[in-house]
Amino acid sequence: MNGFSGRTGLTPEDLAKYRSYVPGVDDVIWQPAYDYQTYPTAGALAFNWFTLLRGTGTTSAFGGAGARTNQDTNMQLSGQFGAGNQMLVLGIEVEFWPGSVPGLQTAAQPTDAQTSQQPDDVYSVLRNGILSFSVQNRPYLEDGPLIKFPTQTYLTGFAAVTNGANATASIQIAYASGCGASYNIVPVLLRENQAFQTSITFPAVIATPSGVDGRMGVRLNGKLIRNAQ
């Protein structure tokens, strides 16, 4: 008979044939949760993370335009993981990417603002700031300055070099990044639909010496636990 047969009863065995998940079984992958924002050259007193979703606001990706995308965050809900998802948080990283570039070439003697502007931006921001991580408004971490949360991926192979074809011309390569041991924490399990808050606060607005906007991100390193399918 053609058409729907929705009035037919279903046994538990019937329902089991159509499940989109395997009851009582989870799969586990390594998947950090990340969130990036523009760091304005004028600075700001506070930044909140993992609250703005894709499709909202403005992207912070260098060269990007329009609303936020997966270049900015991989969160699907604001400040929580959705049904069927949990995360075991093992550590935290803070990434700061200056808008100024490592290389500088000038035809005349560089100004003070131009000299070492990329390292100056990194140092000015990372030597300040307190990072707070709470679950349902209960603090689990409060520490700073931000250089204590080094990223494990950064540009390398650079040396500071100055050279000139005459007394005033200059070619300079300068690069800086926070470094050190990973900031591991006592593991915290974020259950599905459990609210968490992550913020960075500064004692005063910290302007970037370069006068260029930067980009800052927070990564919760850990394992994503999902209902198996």
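Student: What makes strand β2 (residues 33-39) largely enclosed by the rest of the structure?

Tutor: In this predicted model, 6 of the 7 residues of β2 are buried, so the strand is largely enclosed.

Student: How do you know that β2 and strand β12 (residues 214-227) pair?

Tutor: Pairing needs at least two bridges. β2 and β12 have 7 bridges, in the antiparallel sense. Therefore they count as paired. Tyr39 is part of this picture: Gly214 in β12 stands opposite Tyr39.

Student: Why is Tyr39 called buried?

Tutor: The cut-off is under 20% relative accessible area. Tyr39 has 0% relative accessibility, so Tyr39 counts as buried.

Student: How many aromatic pairs are there?

Tutor: The count comes to 10.

Student: Why is the pair of Tyr39 and Phe96 called edge-to-face?

Tutor: Take the distance, then the angle. Ring centres must lie within 6.5 Å, and planes over 60 degrees apart count as edge-to-face. The centres of Tyr39 and Phe96 are 5.5 Å apart and the planes stand at 85°, so the pair is edge-to-face. The pair links distant parts of the chain. Tyr39 is in strand β2 and Phe96 in strand β4 (residues 85-97), 57 residues apart.

Student: Is Phe96 buried or exposed?

Tutor: Phe96 is buried, and so is Tyr39.

Student: What makes Tyr39 and Phe202 an aromatic pair?

Tutor: The limit for the centres is 6.5 Å. Tyr39 and Phe202 are at 6.2 Å centre to centre. The planes are at 75°, and the pair is edge-to-face.

Student: Which parts does this pair tie together?

Tutor: Tyr39 lies in strand β2, and Phe202 in the loop between β11 and β12, so the pair ties together parts 163 residues apart in sequence.

Student: How do you know that Phe202 is buried?

Tutor: Phe202 has 7% relative accessibility. Buried means under 20%. So Phe202 counts as buried.

Student: Which residues form the aromatic cluster with Tyr39?

Tutor: Phe47, Trp49, Phe96 and Phe202 form one cluster with Tyr39.

Student: Thr198 is in contact with which residues beyond its neighbours within four places in sequence?

Tutor: Among them are Phe47 and Trp49, both members of the aromatic cluster. Ser132, Phe133 and Val218 are also included. Thr198 lies in strand β11 (residues 196-201).

Student: Why is Thr198 called buried?

Tutor: The relative accessible area of Thr198 is 3%, and the cut-off is under 20%. Therefore Thr198 is buried.

Student: How much of the protein counts as buried?

Tutor: Of the 229 residues, 38%.

Technical notes:
Residues numbered from 1 in each chain as written. Predicted model: local features only at pLDDT ≥ 70, side-chain atom pairs only at ≥ 80, totals over all residues. Heavy atoms only, no water. Helix = DSSP H or I, 4+ residues; strand = E, 2+ residues; numbered from the N terminus. Buried < 20%, exposed > 50% of the residue type's maximum accessible area, 1.4 Å probe, protein only. Contact = heavy atoms within 4.5 Å. Phe/Tyr/Trp six-rings, centres within 6.5 Å; stacked < 30°, edge-to-face > 60°.
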